[in-house]
Structures are given as structure tokens and as C-alpha cells.
Amino acid sequence: IKMIIKTKYIRGFTLLEMLISMIITSMATIMMMFVFNESQKKFFNDNMELDIAIYCNKSIQAISKLVNDITAPIDQQQDWEGNNSYKLSFYDVDRSGDGNEREIIIRLSNTDGFIIKENNTDVTNTIFDGLLINGGSINFGTKDPNTQTSYVINDWGIEKLTADSLYHRINPSKTNAMSLSSYEIWMEIEIQTEKPGNLGSETLYKYKKFSTRSFSPGLYLREKSKKSNNQTTDI
């Protein structure tokens with residue numbers, strides 16, 4: 001009697017094949033981690049730039065509303081922390097309908113955003129009706145350790161519009177009054193990003209500017225009236 005024994009062999013991984021598999025898996029994991037980290041950095045930068053855009057647009061729009069109600073040409077003051085500073089006289093109407101003329105100074109801190117002073121009293125929140133105007137979650141000038149990016153307020157200004165930048169086909173007799181009552185409010189943010197270079201890390205600079213124009217009808221009528229009275233007196 002012949003016994004037939006069937007033997008089955010299960011072939012496994014050799015040591016070399018296991019090493020190759022581990023190397024491939026490690027490389028794939030490292031690549032995925034790199035892509036994930038870069039995606040996280042881009043996500044953070046995009047979110048921060050969106051926050052900055054919202055902050056800057058809110059700021060210049062809030063200041064623009066004040067400029068709409070100015071009763072005298074804006075007076076530039078001495079620089080504060082290296083930034084422009086301006087004195088505004090405007091007619092303020094409260095919620096009950098009562099109005100009075102106020103004089104404020106708008107300053108800009110490199111770290112805390114806009115600051116409004118009235119007789120050396122901080123009235124920032126009062127002027128802007130509680131609008132968060134001090135940067136909120138934005139830490140200007142602070143470098144993020146993960147992205148190595150800093151966001152810095154580079155400059156800002158309230159500039160009087162000249163005849164060249166005013167509306168087309170404006171009557172020459174109205175140019176002076178229009179110029180005194182028309183302004184451009186703007187902010188410029190400097191984005192500093194560190195990147196590895198041939199000689200160590202290097203900083204890349206990118207600038208974003210936000211601006212709007214504002215016009216004070218009350219001041220225009222006052223300045224136009226002054227010119228008309230002067231012409232009448234000359235005659």
C-alpha cells in the first residue's frame with residue numbers, strides 16, 4: 001500500500017522583502033506628513049490673511065464714516081510710533097438724536113491697531129460703537145513658530161485727494177472745496193515669510209494695501225460757501 005502525502009508550503013516574506021516594504025512605507029509616511037504640514041501652513045496663512053483683510057476693511061470703513069461727518073479739513077499730527085497720526089473734527093449724533101462737535105486724534109499702534117484719543121482719553125470703543133478695531137485675534141508683529149510668518153502694519157494714511165485724483169469733468173470752481181472734503185483712507189500690511197535659502201533662511205516680503213475714499217458733504221458746502229463769500233467781498 002502506497003501512502004500519498006500531500007505537503008503544502010506557504011511561502012512568506014524574506015528579510016530583504018520586509019526591509020524593502022518597510023522602507024517604502026516609511027517614505028510614503030514621510031511624504032504624507034510633509035504634505036499635511038504644508039497644507040496646515042497654507043491653511044493658517046490663508047485664514048490669517050482673510051482675518052487681516054476683514055480687519056483692515058472694517059478699520060478703514062469705520063474711519064471713512066467719521067470722515068463723512070468732518071467739519072474742518074483733517075490735520076496731520078506728529079508721527080506716533082513711526083506711524084501717521086491725524087486730528088479730526090466731526091459732528092457726532094448719538095442714538096437719541098442729540099449731536100455735538102467732537103475733536104479726536106486717530107493713532108495706529110504697530111501691535112494694538114487703531115487707538116482713538118479725545119482729550120487724552122481712550123474713546124476707541126465709544127467712537128466705533130463697540131466695533132472690534134484693535135486687531136482681534138491678529139497678533140501684529142508676532143512671528144508664528146510653525147509658519148515662520150509675521151504680519152506687520154507697514155503704513156497707513158488719510159490723504160487729501162487732489163484735482164488730478166478727483167472725479168472727471170469736475171467744475172474748476174469746485175475743485176478746491178472738493179479737495180478739502182475728499183480723502184482716501186488706506187492701510188498697508190507687510191507679510192514677512194521665512195524660507196530656507198542657500199545661505200540659511202531668507203525673508204520674503206509681500207504687501208497688501210486696502211483703501212477706500214470718503215467725502216464730507218457738510219465740509220464741501222462750508223468750503224464752497226467760503227469761496228463764494230470771498231468772491232462777493234472782492235467784487
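**Notebook: contacts, salt bridges and core**

I began with Tyr220, which is buried because its relative accessible area is 13%; I take buried as under 20% relative accessible area, exposed as over 50% and partly exposed as in between, with a 1.4 Å probe and protein chains only. The model is predicted, so I note that local features need pLDDT of at least 70, that side-chain atom pairs count only at pLDDT 80 or more, and that totals for chains, interfaces and linings use all residues. Residues are numbered from 1 along each chain as its sequence is written, and side-chain values use heavy atoms, with hydrogens and water left out.

**Entry 1: aromatic pairs**

I looked up ring pairs among Phe, Tyr and Trp (the six-membered ring for Trp), which require centres within 6.5 Å; planes under 30 degrees apart are stacked, over 60 edge-to-face, and the rest tilted. The count comes to three aromatic pairs. Phe114 and Trp156 form an edge-to-face pair, at 4.9 Å centre to centre and 80° between the planes. This pair links distant parts of the chain, with Phe114 in strand 4 and Trp156 in strand 6, 42 residues apart. I take helices (H or I, at least four residues) and strands (E, at least two) as DSSP runs, numbered from the N terminus. Trp156 is buried, with a relative accessible area of 0%.
I then returned to Tyr220: its ring centre and that of Phe215 are 5.9 Å apart and the planes stand at 55°, so I record the pair as tilted. Phe215 is partly exposed, at 27% relative accessible area. Phe114 is buried, with a relative accessible area of 2%. I also noted that Tyr86, Phe114 and Trp156 form one aromatic cluster.

**Entry 2: the nonpolar core**

I next looked up the largest nonpolar core, which has 33 residues. Such a core is a set of buried Ala, Val, Leu, Ile, Met, Phe, Trp, Tyr and Cys residues joined through side-chain atoms within 4.5 Å. The residues with the most contacts inside the core are Leu88, Ile106, Trp156, Ile158, Met187 and Ile189. Two or more residues come from each of helix 1, strand 2 (83–93), strand 3, strand 4, strand 6 and strand 7 (182–197). Helix 1 gives the most to this core, with nine residues.
For Met187 I listed contacts, meaning heavy atoms within 4.5 Å. Leaving out residues up to four places away in sequence, Met187 touches residues including Tyr55, Cys56, Ile60, Phe114, Ile153, Trp156 and Phe210.

**Entry 3: salt bridges**

I looked up salt bridges, each being a side-chain nitrogen of Lys or Arg within 4 Å of a carboxyl oxygen of Asp or Glu. The count comes to three salt bridges. Glu49 in helix 1 and Lys206 in strand 8 (residues 200–215) are 157 residues apart in sequence, so their pair ties together separate parts of the chain. The closest N and O atoms of Glu49 and Lys206 are 3.4 Å apart.
Glu49 also forms a salt bridge with Lys208, with the closest N and O atoms 2.8 Å apart. This pair links distant parts of the chain, as Glu49 in helix 1 and Lys208 in strand 8 are 159 residues apart. Glu49 is buried, at 16% relative accessible area, whereas Lys206 at 40% and Lys208 at 31% are each partly exposed.
The remaining entry concerns Arg102 and Glu118, whose closest N and O atoms are 2.6 Å apart. Arg102 is buried at 13% relative accessible area, and Glu118 is buried at 17%. Through shared partners, salt bridges join Glu49, Lys206 and Lys208 into one network.

**Entry 4: Tyr151**

I located Tyr151 in strand 6 (residues 149–160). Tyr151 counts as buried, because its relative accessibility is 3%. The C-alpha atoms of Tyr151 and Gly141 are separated by 5.5 Å, the two residues being 10 apart along the chain. Leaving aside neighbours within four places in sequence, I listed the contacts of Tyr151, among them Asn45, Met48, Glu49, Ile52, Phe140, Gly141 and Ile191.
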